[in-house]
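Hi,

Here is the structure I promised to pass on.

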Amino acid sequence: MVAASQPQASQVGRDILMQGGNAVDAAIATAAVLSVVEPTGNGIGGDAFALVWLADDAQGGKLHGLNASGHAPAGLTPEAVKAAGFDEMPLHGWTPVTVPGVPAAWATLSKTYGKLDFATLLAPAIRIAREGFPVSPVIAKLWARGERQFRAEADDPAVAPWLDAFAPHGRAPRAGEIHRNESQARTLESLAATHCESFYRGELAEKIDAFSRQTGGYLRAEDLAGYQPEWVEPISVNYRGIDVWEIPPNGQGMVALMALRLMEGFDPAVRDDPELLHRQIEAMKLAYTDGHHHITDSAHMATSVASLLSDAYAETRRRLITDTAIDPTPGEPQAGGTVYLATADADGNMVSYIQSNYHGFGSGVVVPDTGISLQNRGHGFSLDPDHVNTLAPGKRTFHTIIPGFLTRGDTALGPFGVMGGFMQPQGHMQVVMNLVDYHLNPQAALDAPRWQWMGGRKVGIEPGYPLHLVRDMAERGHEVTLAVDSTAYGRGQIILRDPQTGVCCGGTEPRTDASIAVV
């Protein structure tokens, strides 16, 4: 089974499984197609994370984590940013560009756990980029939004090529129109032929370096050449008998785990109980406040993962949840625009995979004649020298994209994820509770309306919630806004595999143009 946010992508993943590929092969091929058909959220110039369950591991089944987020270039210092006239990290242009990790993620996953030839995995994406694809409705809407942003910034020579690559006819493509990107097809061919080496130590690296030097960027060939993704040990908490797994910092999966720790201390309640909804919001506020205060590149964290997830710290934070909304402040424990996809094969291997440009198309910087839109992940850095996430060359910033996975003891249940910036841990928490507490199937768990904490006492709520719940939240002091655009409330995928029968049950996101493909 393959669950992804675009039908063509999930169908390609299914075809790879039918060719004898495993779940890892299917994930790579699906991700490559998504980089073509959904450029509004991801691409070759973004970052990636993966959780890979190997059923035939020597230990009888094991979860592996891959962190393919990039670091800040050597020349990107707080002093350089301030000298360029910025008081904080900008959203667009060269300044927020960090080393992309997506190509390295594809290559590393393929070399380590794949079965099929790497060129075979990228061939469908190359064909679709060259021959074109019909733009889906939600993507057309997001594409037009990006076009408005970057047309207003087209006087920046680093951003001007964006219009050539993604608005070649003077505007963003409309829903149902065919979009082709020959430059991207040639780039994917280069990646396929070199196992992505050309991006970091070859012709593509040279093009990126040359354009950066020409237009005032910080990224250099040396930054690319020195990059390698990192295999990491996933972290987890047990929530009412189910182990919920995330990637460790610099990812924000910790936020979802901390929130679940707080909620586990309360008795389960029916889904539409006002007290439950209030506690969920308050738990997420506390977890997020802690996350922004403590989480950064693991090499720069002063607080340990264990202390943030400890019973003692969870109890301390849980006591702050009362009957009314609070303005959260970070605690001090004891020292100590994204796409998501899920795949599962017949042997029980499963992959939870996510890749992202960060904000929509990313920085707006497109390397000419490559179709590579570079991410703006560096926007997450702080210029405050006392902040845990302060900018430093070679450092990885606090990262929003997070794949999730569920197990029961030593038994794999399956991958899940909810894409969408700072909505992601909030979506993870809500989906896990839908699955575990309310026993919803994967599709129902994704269909259910969501809420989103938006800072302070501000909370957005989707229209599907009963009106009495919305009124109750307002009476408790929450500043409630009813959502009119559900694209900001996350887009997820779930695959759960019955360990006895091997049958997969999938769910796909109703808030985008998603689909599930089954062999």
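**Cavities and a pocket**

The largest cavity has a volume of about 70 Å³. A cavity here is a set of points on a 1 Å grid over the protein atoms alone where a 1.4 Å probe fits but cannot get out, and lining residues have an atom within 4 Å of a point. Grid points are joined across faces, edges and corners, and a volume is the space filled by probe spheres set on the points.

Please keep in mind that this is a predicted model: local features need pLDDT of at least 70, side-chain atom pairs count only at pLDDT 80 or more, and totals for chains, interfaces and linings use all residues. Residues are numbered from 1 along each chain as its sequence is written, and side-chain values use heavy atoms, with hydrogens and water left out.

Among the residues lining the largest cavity are Arg 271, Gln 280, Trp 451 and Tyr 465. Helix H13 (274-294) and H16 each supply at least two lining residues there (helices are DSSP runs of H or I, at least four residues, numbered from the N terminus).

The second largest cavity holds about 50 Å³. Its lining includes Met 258, Arg 261, Asp 290 and Arg 317, and helix H12 (253-264), H13 and helix H15 (311-318) each give two or more residues to it.

There is also the second largest pocket (an open set with protein on both sides within 12 Å along at least five of seven lines), with about 260 Å³ of space. Ile 242, Arg 408, His 439 and Asp 498 are among its lining residues.

Best wishes
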